[in-house]
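Subject: Handover of a structure

Dear colleague,

Please find below the sequence and structure that I am passing on to you. My notes on what was found follow directly after.

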Amino acid sequence: MSPADHVRYLAYDPGVTPREGGLPGLSVLKEVVSSINLFGIIAVVGALAVSAVVWAWGHHSGSHQAEANGKKGATVAAGCALLLGAANGIVAFFSALGTQVH
């Protein structure tokens, strides 16, 4: 195989694109993923509540370590909530960006 043939082989477009309704059970899979996302959001609410309690307890008891851990937990919980809430948008954005690669 010559170098030109190798480059031509790498540039081959297989023609595969995502298609709605291609497999049976797609609606069930969407429901499962949506339920997992909801479960994650509910868990983040709990984590945020616990972190806020640890933060407040650390502040009022003078425990700087507990206060710092509460702040860290609240920040992580907020970041997780952001990612869970934006999951569809993030995937849609990068999927659309990926279609522009040629």
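The buried residues of helix H3 pack against helix H2. This is a predicted model, in which local features need pLDDT of at least 70, side-chain atom pairs count only at pLDDT 80 or more, and totals for chains, interfaces and linings use all residues. Residues are numbered from 1 along each chain as its sequence is written, and side-chain values use heavy atoms, with hydrogens and water left out.

Some terms need their cut-offs. Helices (H or I, at least four residues) and strands (E, at least two) are DSSP runs, numbered from the N terminus. Buried means under 20% relative accessible area, exposed means over 50%, and partly exposed lies in between (1.4 Å probe, protein chains only).

The chain as a whole

The chain has four helices and zero strands, and along the sequence the pattern reads α-α-α-α. Of the 102 residues in the chain, 9% are buried. The chain exposes about 8,400 Å², and carbon and sulfur atoms supply 71% of this area. Accessible areas come from the Shrake-Rupley method with a 1.4 Å probe; for residues, only the protein chains shown count as cover.

Which residues of H3 are buried? They are Ala66, Glu67, Gly70, Ala74 and Ala77. Seen down the axis of H3, these buried residues fall within an arc of 100 degrees, so they line one face of the helix; the arc is that of the directions from the helix axis to the C-beta atoms. On the other side of H3, the exposed residues are His64, Gln65, Lys72, Thr75, Leu82 and Leu83.

In H2, the buried residues are Gly40, Val44, Ser51 and Gly58, and they pack against H3 (64-85). Serine 51 counts as buried because its relative accessibility is 10%. Leaving aside neighbours within four places in sequence, serine 51 is in contact (heavy atoms within 4.5 Å) with Gly70, Gly73 and Ala74.

The length of H2 can be checked. The expected span of a helix is 1.5 Å times one less than its number of residues. For the 36 residues of H2 (residues 26-61) this gives 52 Å, and the end C-alpha atoms are 52 Å apart, which agrees. H3, with 22 residues, reaches 31 Å from its first C-alpha to its last, close to the 32 Å expected. Just after H2, glycine 62 takes a positive phi of about 80 degrees.

The salt bridge

The structure holds one salt bridge, defined as a side-chain nitrogen of Lys or Arg within 4 Å of a carboxyl oxygen of Asp or Glu. The side chains of glutamate 67 and lysine 71 form this bridge, at 3.9 Å from N to O. Both residues lie in H3, four residues apart, about one turn of the helix.

The nonpolar patch

Leu83, Ile90, Phe93, Phe94 and Leu97 make a nonpolar surface patch of about 500 Å². Patches are made of residues with over 30% relative accessible area and no salt bridge: like charges are joined within 9 Å, and nonpolar side chains (Val, Leu, Ile, Met, Phe, Trp, Tyr) within 5 Å. Helix H4 (residues 87-99) gives the most to the patch, with four residues. Leucine 83 lies in H3 and is exposed, because its relative accessible area is 53%.

With kind regards
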